[in-house]
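Let's take a friendly walk through a protein model together. Have a look at the sequence and the picture, then read on.

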Amino acid sequence: MKIVVIIPTYNEKDNTPRMIEALARVFSDIKPHKMHLLYIDGNSPDGTADVIRKYQKKYDWLHVIVETKKEGLGKAYAKGMAYAMQELRADWLLEFDGDFQHPPESISELVKYTTSYDYILGSRYIKGGSIPKEWSLERKLLSVLGNLVARVLLILPNIHDVTGGFKLSRVKGFMDQFDFDKLLSKSFAYKIHLLYYMVQKGARVIEIPFIFGNRTSGESKIIKNELFETLRVIFLLQQRIVKFGVTGFIGYLVNAIFLQLLSSSGELLAWLVSTELAIISNFTINNLWTFRSEKISGVGKLLFKFLQFNLTSSGGLIIQSVLGFVVVTYLNVPRQLALPIIIGFIVLPYNYFMYTKVIWKEKAPNQK
Ligand SMILES: Nc1nc2c(ncn2[C@@H]2O[C@H](COP(=O)(O)OP(=O)(O)O)[C@@H](O)[C@H]2O)c(=O)[nH]1
Ligand SMILES: [Mg+2]
């Protein structure tokens, strides 16, 4: 098996000689595998690339690509991974930082799992892993919360560290099928995209704890608005959920408008008709847009599914009413607080579950 460690660098002159020597020691301990090291340097003005070139005379497993300019971490990895797969014929790609925040000794730990897993993640957020204790409270909070938000929005409860940058990915069947032209971010947020892709592809994932060290030399290049960039990527990845939300909101508008328009024809009738119109709107828009890839067609099928949709919607209605009644009456929760909480945390997930598992059930398994 050939494993290519990929390190992007920008102004890491001080760290680089130590890193190459540290990896030389680690590589000689990982016997059965062919270990290579590929640097992607963003044309660092401090001359990092020259240092690497000097070491190439000493180590034949050392490679370097020098970009014309610094273009972001995602761009650097896209180039590095393509080169590692095509030119170096890598079987595995290891994402690694050049500043010793990822401990070189932990590489041998990750490599142990290549026989039975496809995606081996260095994890800061499981037992045995950690983030630097030297970090300010603000930086710690940003890291923990950013990771938590990404986990929740991507619905990845089983992966504890989704924003980390130390990971080993199988090439065959996974990275070799990824279209790097479609990588959603040029910067740090590319990591979220690759992670999501691997999970969707059905990769067998394992997390290995590691201690994320403090940077002792050089400066961090993480960009200030990275949180916004991460959210942008998550939204692009979760388009279906976003469309589901928009459709639901349109349904709500239909409900509200017709409730008003029909109010003169009697209260109960106005509620019944406007609610059913909202159900029809939701069914139609979801069918044509949100779940376009599993579109239901044909009169018989449509009628059957529409009936089923009415039933699952009634289920939501019952859950919402009963729960609302209980928490307002017995727990004294204010009505206007109970409603959005019940909708957001119970009814929407329930509906989404029903839509994806019952109404617009996927045709082919393991494919989204
Ligand atoms: N080629 C290239 N390398 C980068 C870029 N941004 C960061 N790096 C390198 O990627 C690694 C991780 O970046 P770092 O600044 O340590 O991020 P942090 O650990 O999140 O603060 C380091 O080796 C950096 O030198 C970039 O735009 N281009
Ligand atoms: Mg760093």
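Two residues are in contact when they have heavy atoms within 4.5 Å of each other. Among contacts in the protein between residues at least 6 apart in sequence, 78% join residues at least 24 apart.

Before going further, note that this is a predicted model, in which local features need pLDDT of at least 70, side-chain atom pairs count only at pLDDT 80 or more, and totals for chains, interfaces and linings use all residues. Residues are numbered from 1 along each chain as its sequence is written, chains are lettered from A and ligands numbered from 1 in the order in which they are written, and side-chain values use heavy atoms, leaving out hydrogens and water.

The protein has eleven helices and seven strands; these are DSSP runs numbered from the N terminus, with at least four residues (H or I) for a helix and at least two (E) for a strand. An open sheet with mixed pairing puts seven strands in the order β3-β2-β1-β4-β6-β5-β7. Its edge strands, β3 (62-66) and β7 (205-209), each pair on one side only; strands pair if DSSP finds at least two bridges between them.

| Helix | Residues | Angle |
|---|---|---|
| α1 | 15-29 | about 165 degrees to β2 |
| α2 | 48-56 | about 150 degrees to β3 |

How values were computed: Axes fitted to C-alpha atoms, helices over the stretch in contact; angles between N-to-C directions.
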